[in-house]
Amino acid sequence: MVFNTFAYFFVFLIPAALLFRLVRSELRPWVCAVSGVAFFVYFSVTAQAGWVGAACVILFVWESLVSRLYRTWSGWCLLGVGVSLGVLAGFKYWNFVTHWLTAPLGTNPLVWPGAFLPLGVSFFTFEFMHYAIDRYRGRAERGRLGEYLAFIFFFPTMVAGPIKRFQEFVPCLRAPSTAWAADWNRGTTRILVGLVKKFAVADVLTNLTVHLNRADIARADRWALLLWLFAYGWKIYFDFSAYSDIAIGSGRLFGIAIPENFDWPYFRRNVAEFWRHWHISLYRWLVDYVFIPLGGSRGAVPAVCGNIMLVMLLSGIWHGAGLNFVLWGAWHGTLLVMHRLWSLGWSGRALQRADRAAAILVRHAASPRAAPPVPFLARVGPERVTSRRAGAPYRDTPAFLRREPLALSRVERSRTGPADRSGDSAFCPRWLGRGTAWLLTYVAVNLGWAFFAMNTETALFFFRRLFLG
Amino acid sequence: MGLLSWLKHAADYLGGSRAGPPPGLPLPLASPAWGLWWGLLAALIALFCGQSSKFIYIDF
């Protein structure tokens with residue numbers, strides 16, 4: 001739908017990109033705006049919610065008008081954020097929220113039976129909010145009306161991102177790349193590769209994974225379930241990265257750079273790295289407009305962990321109006337919090353305490369008058385090292401449990417300098433540590449997809465079958 | 001550049017997300033070999049298209 005139709009390429013993309021390149025510079029924003037309006041109306045009518053959905057173009061008209069009033073510290077910006085949130089909440093979460101609120105009644109008198117989603121509502125509302133917040137903070141210029149219309153109506157990214165930033169888009173709009181040949185080579189290649197990802201991989205995997213239901217789960221053995229989950233994870237990746245490839249390649253035909261959305265996320269060695277390379281534009285948005293305003297990484301560890309969890313819960317609910325998506329966000333939040341604590345050395349200290357406790361127990365069990373206990377892990381580790389944080393020694397933690405690939409994120413690595421590459425642990429060579437970290441991350445991320453693929457009840461049944469047989 | 005980095009760079013270049021090839025890959029942007037690559041991709045598209053399906057992230 002949309003990007004895998006002839007209409008997209010031959011009615012919208014190629015004519016609009018050619019026209020954009022050929023007209024005078026002051027007309028370029030209007031080419032984006034007019035083609036975007038036509039795109040929104042056409043695909044709303046033919047593929048989404050009919051003429052009622054097409055009428056939602058009025059949301060863009062409202063946004064373009066009110067955005068002209070945005071100033072630094074202006075209440076209009078707050079109004080813009082509020083309206084965008086209201087649009088998103090009204091269309092996407094109304095039935096979900098009222099269902100929960102009226103659950104004790106047994107029926108939902110507030111249900112909206114004809115509920116529909118405007119095309120790309122989850123994405124364009126986030127772009128609206130970004131502009132309002134950045135104008136409020138004085139971090140974005142006002143831009144001309146045509147430029148803002150081009151920004152919100154730029155159709156390659158309108159439906160499913162990547163979520164753009166006005167500050168990055170406008171310079172490209174004002175001075176698009178003039179290297180026609182290179183742009184069309186790269187853009188065409190990107191689009192074709194995206195279509196291959198979609199048709200030859202994602203759709204094939206869809207056919208293989210779509211049939212999993214409660215009866216199938218009950219019949220399948222656990223290895224089949226695990227294989228299914230991995231296949232589903234690759235399907236999600238290929239499907240969405242295909243969409244992003246086509247969007248970015250389409251932008252390239254205009255000569256406009258669009259932010260990347262994926263960078264080999266399944267080959268990362270911890271979940272924080274995964275999230276820096278999966279749906280990058282959403283992750284950036286959540287970090288800049290939720291995580292950092294909440295306090296970010298500053299403050300006490302519990303507060304930071306709470307911020308992380310809140311961001312991931314929001315990410316989950318953004319992905320869909322359902323308890324399963326909330327649980328998906330909670331799962332990733334838990335993984336990120338665990339990674340955070342590990343990075344801060346909490347895992348080492350917890351391990352140390354557990355080790356000492358075990359040593360005391362065993363010693364007392366063996367002989368109450370024996371010498372003071374020596375933790376076991378202190379005996380097996382040939383070396384004693386200090387933590388990356390000054391003054392927080394991992395006194396008794398064996399080398400393989402504090403190796404750099406498991407714990408250090410890229411940011412921390414840049415802060416602390418190159419990792420120590422002297423000699424592998426006696427227990428674990430470097431490649432094995434990295435491989436283990438990758439495998440743990442890959443499995444953990446893929447376990448979460450069960451919540452993405454199934455409703456909560458089926459997902460819990462899936463896990464029961466997977467782990468308990 | 002390690003082997004894995006080289007392979008990643010090459011895959012990104014063939015996928016259209018990098019501007020230039022990795023060292024040792026004799027495939028400049030102006031090469032007619034891109035026609036073959038596009039032909040292969042188009043053949044795969046023609047072979048597999050029509051199975052379904054909408055993109056997951058639209059109107060989810």
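Predicted model: local features only at pLDDT ≥ 70, side-chain atom pairs only at ≥ 80, totals over all residues.

Below is a chat about this structure, one question at a time.

Biologist: Before we dig in, what kind of model is this?

Modeller: Good thing to ask at the start.

Biologist: What share of the residues in chain A is buried?

Modeller: A residue counts as buried if 20 or more other C-beta atoms lie within 10 Å of its own. Chain A has 469 residues, and the buried ones make up 41%.

Biologist: Let's zoom in on helix H15 of chain A. How far does H15(A) reach from its first C-alpha to its last?

Modeller: H15(A) covers residues 301-319, which is 19 residues. At 1.5 Å a residue, a span of 27 Å is expected. The model comes close to that, with a reach of 27 Å.

Biologist: Which helices are included in what covers the buried residues of H15(A)?

Modeller: The buried residues of H15(A) include A:Val304, A:Ile308, A:Val311 and A:Met312. What covers the buried residues includes two helices of chain A, namely H14 (280-291) and H16 (323-344).

Biologist: Are H15(A) and H16(A) roughly parallel or antiparallel?

Modeller: The two helices pack at an angle of about 150 degrees, with their axes 7 Å apart. Angles over 145 degrees count as roughly antiparallel. H15(A) and H16(A) are therefore roughly antiparallel.

Biologist: How do the residues of the contact of H15(A) with H16(A) divide into nonpolar, polar and charged?

Modeller: On the H15(A) side, the residues that meet H16(A) include A:Val304, A:Ile308 and A:Met312, and on the H16(A) side they include A:Phe325, A:Gly329 and A:Leu336. Sorted by type, the residues of this contact come to 15 nonpolar, six polar and one charged.

Biologist: Take A:Met312 by itself. Is A:Met312 buried or exposed?

Modeller: A:Met312 lies in H15 of chain A. Away from its sequence neighbours, A:Met312 is in contact with A:Gly329, A:His332, A:Gly333 and A:Leu336. Inside 10 Å there are 24 C-beta neighbours, so A:Met312 counts as buried.

Biologist: A:Trp73 and A:His279 both have a positive phi. Is A:Trp73 buried or exposed?

Modeller: A:Trp73 sits in the loop between H4 (57-66) and H5 (75-101) of chain A, with phi near 60 degrees. A:Trp73 has 10, so A:Trp73 is exposed.

Biologist: And A:His279, is that one buried or exposed?

Modeller: You'll find A:His279 in the loop between H13 (271-277) and H14 of chain A, and its phi is near 45 degrees. There are 22 other C-beta atoms within 10 Å, so A:His279 is buried.

Biologist: Now the place where chain A touches chain B. Which helix gives the most residues to the side of chain A that touches chain B?

Modeller: The contact takes 31 residues from chain A and 24 residues from chain B. On the chain A side, the elements giving two or more residues are H10 (180-209) and H12 (222-254). With 16 residues, the one that gives the most is H10(A).

Biologist: Over on chain B, which residues of chain A is B:Gln51 in contact with?

Modeller: B:Gln51 is found in the segment after helix H2 (33-48) of chain B. B:Gln51 has 13 C-beta neighbours inside 10 Å, so this residue counts as partly exposed. Leaving aside neighbours within four places in sequence, B:Gln51 is in contact with A:Phe199, A:Asp203 and A:Asn207.

Conventions. Residues numbered from 1 in each chain as written. Chains lettered and ligands numbered in written order. Helix = DSSP H or I, 4+ residues; strand = E, 2+ residues; numbered from the N terminus. Expected span 1.5 Å × (residues − 1). Buried ≥ 20, exposed ≤ 12 C-beta atoms within 10 Å, placed from the backbone. Contact = placed C-beta atoms within 7 Å. Axes fitted to C-alpha atoms, helices over the stretch in contact; angles between N-to-C directions. Parallel < 35°, antiparallel > 145°, perpendicular 65-115°, else oblique. Nonpolar A, V, L, I, M, F, W, Y, C, P; charged D, E, K, R; others polar.
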